[in-house]
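Hi,

Here is the structure I promised to pass on.

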Amino acid sequence: MSDFPAHQQYPARMFRASVGRQELTEILGSMSDLDVARFLYCQEMAGAYLAVGKFETMLISAMHMCDRIRLQMKLGRDTNAWTRSLEKKAQLEGSTLGSLIKILERHDVDRADIAYLRWIKDKRDYFVHRLFHEDAWPGELSEEGCALMRRRLIAIQHWLARGERNIWLIFERAGFVELERLGDGGLLAMNMGVYDAIQQDVERLASDQGPNE
């Protein structure tokens, strides 16, 4: 007898890349109730993975567009705006979620909003790093165990989806963006850094013209 847990003895069953609707229907139809419960649990894992990716992508995109969020970049002042934008995007994409939150903290984002983002990060970290610390392997759970884990993963997806929208509300409170509420419930975000650039141009023009005689 092996001392390894069952999930380490046998590879997980995978669908062929070319599986079609009819074949998939037949496979599901032949499954026991327990197998279906495990299959649905795996589906919620996929949903949670997508929710993590969407939240982090939205945070990076929002931070990238906001000129008032500045990074410690090594580019010179004479570098053109497009190059600076690409460099900022690359730095953000290369950062961990924890590092992104620390960047926001340096920009005087409200403490309650930082605490909320860290709470979201903890839920994300549970899914990414700690889910299987509880031996929550699909092949080892009962139907009731799979249902419990599905509810937990669905909750994580809801929290991340809500957090994805709340990013813009946090940025509005921090003065990074101006939001217009649309009739369909959507948001239109305006980069407040545009006003800073306009003000700088006005001051530069006034300086070039000199004092009025």
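Going along the sequence, the order of elements is α-α-α-α-α-α-α-β-β-α, which makes 8 helices and 2 strands in the chain. Keep in mind that this is a predicted model.

On the overall numbers: the chain has 213 residues, and 30% of them count as buried. Its accessible surface is about 14500 Å², with 53% of that belonging to carbon and sulfur atoms. If you look at contacts with a separation of 6 or more, 63% of them are between residues 24 or more positions apart.

Now the inside. The largest nonpolar core is made of 41 residues, and Y41, M63, L104 and F171 have the most contacts within it. At least two residues each come from α3 (33-65), α5 (97-106), α6 (111-130), α7 (143-173) and β1 (177-181). The top contributor is α3, which gives 11 residues.

Once neighbours within four places in sequence are set aside, M63 touches I69, K88, L92, L100, I103, L104 and F171. Two of these partners, L104 and F171, are also on the list of residues with the most contacts inside the core.

Then the outside. There is a nonpolar patch on the surface formed by M190, V194 and Y195, and together they have about 230 Å² of accessible area. Y195 sits in helix α8, which covers residues 193-209.

Cheers

Definitions and conventions: Residues numbered from 1 in each chain as written. Predicted model: local features only at pLDDT ≥ 70, side-chain atom pairs only at ≥ 80, totals over all residues. Heavy atoms only, no water. Helix = DSSP H or I, 4+ residues; strand = E, 2+ residues; numbered from the N terminus. Buried < 20%, exposed > 50% of the residue type's maximum accessible area, 1.4 Å probe, protein only. Contact = heavy atoms within 4.5 Å. Areas by Shrake-Rupley, 256 points an atom, 1.4 Å probe, with all protein chains shown as cover. Core = buried A, V, L, I, M, F, W, Y, C linked by side-chain atoms within 4.5 Å. Patch = residues over 30% accessible without salt bridge, like charges linked within 9 Å, V, L, I, M, F, W, Y side chains within 5 Å. Salt bridge = Lys/Arg side-chain N within 4 Å of Asp/Glu carboxyl O.
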